[in-house]
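Please keep the sequence and the 3D view at hand while reading the numbered points.

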Amino acid sequence: MLELTFDADARALYAYFTDINEGDDASQLEIPGVFLLDAARQIVGVQLQLASAPKKSFLQYAQGFEELHYNEENHQLTLSFGQHEVATSEELPYEAIVDLDRKGRALGIEIQAMIEFGLNDRLEALNPWLVAFDEDGDAEFDEDDESDDEQPEVKAAPQAAAEVDDDEDGPVVHHLPVKPNLPKPLLPTDQEVHSGFVALVGKPNVGKSTLLNAYLGQKVSIVSPKPQTTRVPVRGILNGPDAQIIFVDTPGIHKPRHKLGNFMVDVAKKAVPNADVICFMVDITVPPNRMDREIAQMVLLSRKPHILVLNKVDATDEADKHLQEYRDLAPWEMEVAVSARDKLGMETLLAEIVKRLPVGHRLYPEDQLSDVSERTLVAEMIREKVMLNTEEEIPHSVAVEVEEWEDRGKVIYIRANISVEKDSQKGIIIGAGGSMLRKIGATSRFEIERSIGRQIYLDLWIKVRENWRQKPNELRWLGYDVKYYRD
C-alpha cells in the first residue's frame with residue numbers, strides 16, 4: 001500500500017515510492033495536474049499530465065503500488081485511493097514536484113495546495129493511507145555520534161585523511177559530513193562571543209544564496225537557476241552558543257552591461273573590505289576563468305581572513321582537476337568542500353569561519369534572522385517567481401516594489417508593482433488570458449504566507465518603465481542606490 005504523509009504547515013501531501021536517504025534526490029521534475037474529488041469534495045486521487053513518455057526506469061520504484069496507474073497513450077499518471085467515484089476535479093495551484101535520483105527514477109511526489117483550498121479538511125477519504133508526518137525525522141541523525149566510520153568518501157578531497165599539515169600539502173580540503181550539526185543553545189547576549197561579518201563573494205550562480213538559506217533554515221535570499229539573481233547585499237544572522245555570524249550574501253561579481261549591473265558589482269565589492277572574514281565561493285564543476293582570478297586578487301588585497309569554498313562537489317567527477325586550478329589563484333588560508341544544495345560540509349565551514357571571527361558582543365538581537373524587511377523580502381519573493389516562470393528576455397528586466405501593505409484582520413492586503421522595460425515584456429508576464437500572472441501570483445502567495453505566517457491577498461500590477469536599468473533616477477526610485485549600502 002502506498003503511504004501518504006501530510007505537512008499541515010506546508011499544506012503539502014507527500015507520496016514516496018521508496019525510502020530516501022540524505023542526498024538520494026539529485027533533481028526534480030515539475031508536472032501539472034489536478035486533484036480528483038468525490039461528491040463531498042474530498043480528495044480521492046491526483047492526476048498528473050506528463051509532457052511526453054518518460055524513460056522506462058522512471059517508475060521503477062513505483063512498481064507494485066495498486067494506487068498508481070500510468071496511461072501510456074496520453075502520458076497521464078494517476079494516484080487513486082480506494083473505490084471512490086470521482087465527481088469533479090480541481091487544478092493544482094502549483095505543479096507537483098517529483099523527486100528524481102541520479103538515474104532519473106522517481107522517488108516520490110510532493111503536492112501542494114493553496115490556503116483557501118482547505119487541504120486539511122479534505123483528507124477524510126485518504127485516512128487509511130496517511131501516516132504521521134515526522135517533523136523531527138532528522139533528530140536521531142543529528143544525535144548519531146558514532147557514525148564517523150560510515151561517512152561517504154568525497155571525490156573533491158585530494159587527501160585520504162581528514163586533515164593534512166598546511167606546510168606539506170597546502171590547506172586542508174575536508175571530507176563532507178553527511179548533515180551539518182548547526183549551533184543549538186544560545187548564550188546570554190551580554191557574554192562575549194565570536195561575532196562579525198562574513199562576506200560571501202563570487203561569480204553569479206555559484207550558490208551563495210543557497211548556502212545562506214541552508215544555514216538559516218529558511219529563505220532570506222531568493223534563488224533561481226538564472227545568474228545575477230541577488231541584486232543587493234542580504235544579511236543573514238546565525239546565532240550559536242559561542243558565536244554570532246552575520247553572513248552578507250552579495251550580488252555575483254560580473255562584467256556589467258548596464259547601470260544596474262554597475263550597482264550590483266559596486267555593492268558586492270564594497271562588502272569585501274567591511275567584512276571580518278571573506279568566503280570566496282566557486283563552482284567546482286567548472287574551471288576558474290578570468291573573473292575568478294580578478295575576484296581572488298580583490299580578496300587578497302583586502303588582507304582579511306579568506307576561505308576558499310568549493311561548492312557543488314557532489315555534482316562532478318572532475319573536482320580534483322579543478323581544485324588545483326582554484327588553489328593556484330591565491331594562497332588560501334583554508335579550503336572547504338561543500339554542497340550548499342544538499343547541506344554537506346557546512347559544519348566544517350562554520351567551524352573555520354568562527355575561528356577567524358573577532359571576540360566581542362553580539363551585534364544583533366539573538367532572535368533576529370535577517371536585516372531584510374518583510375516588505376523587501378516579499379518583493380524579492382515575487383521577483384523570484386517571475387524569474388523562475390519566464391524566459392530569457394524577462395528575468396533581468398524585472399523589478400518589484402511593494403506599494404501597499406494593510407492588515408485587514410484575517411488577511412494582509414499587499415499590492416505590488418512588477419516593473420518591466422518593454423510593452424512586449426508586460427504581455428509575456430500577463431500571459432494568455434492572464435494565465436502567467438495568475439501563476440506568478442499563486443506561487444508567490446504560497447511562499448509569502450509560509451514566510452510571514454499569515455493569509456494574504458496579493459494584488460499584482462505590471463508597469464512599464466522604459467529602459468529602467470540604464471536610468472539613474474529609476475534605479476534610485478527602485479532602491480538600487482549604492483549610498484544605501486555603504487556600511
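1. Two strands pair if DSSP finds at least two bridges between them; strands (E, at least two residues) are themselves DSSP runs, numbered from the N terminus. Strands of a sheet pair through backbone hydrogen bonds, either parallel or antiparallel.

2. The model is a predicted one, in which local features need pLDDT of at least 70, side-chain atom pairs count only at pLDDT 80 or more, and totals for chains, interfaces and linings use all residues. Residues are numbered from 1 along each chain as its sequence is written, and side-chain values use heavy atoms, with hydrogens and water left out.

3. Strand β1 covers residues 4-7. On its one side point L4 and F6, on its other side T5 and D7, and all are buried (under 20% relative accessible area, with a 1.4 Å probe and protein chains only).

4. Which strands pair with β1? Strand β11 (residues 130-131) runs parallel to β1 and is joined to it by 2 bridges; here T5 stands opposite V131. Strand β2 (residues 12-16) runs antiparallel to β1, with 4 bridges, and A15 in β2 is the bridge partner of L4.

5. An open sheet is formed by 5 strands in the order β6-β7-β5-β4-β8, with antiparallel pairing. Its edge strands, β6 (68-71) and β8 (88-91), each pair on one side only. From one strand to the next, the twist averages 20° (axes are lines fitted to C-alpha atoms, and angles run from 0 to 180 degrees between N-to-C directions).

6. Within this order, β5 (residues 43-49) and β7 (residues 76-80) are antiparallel and share 5 bridges. The bridge partner of G45 in β7 is S80.

Methods:
Buried means under 20% relative accessible area, exposed over 50%, partly exposed in between (1.4 Å probe, protein chains only).
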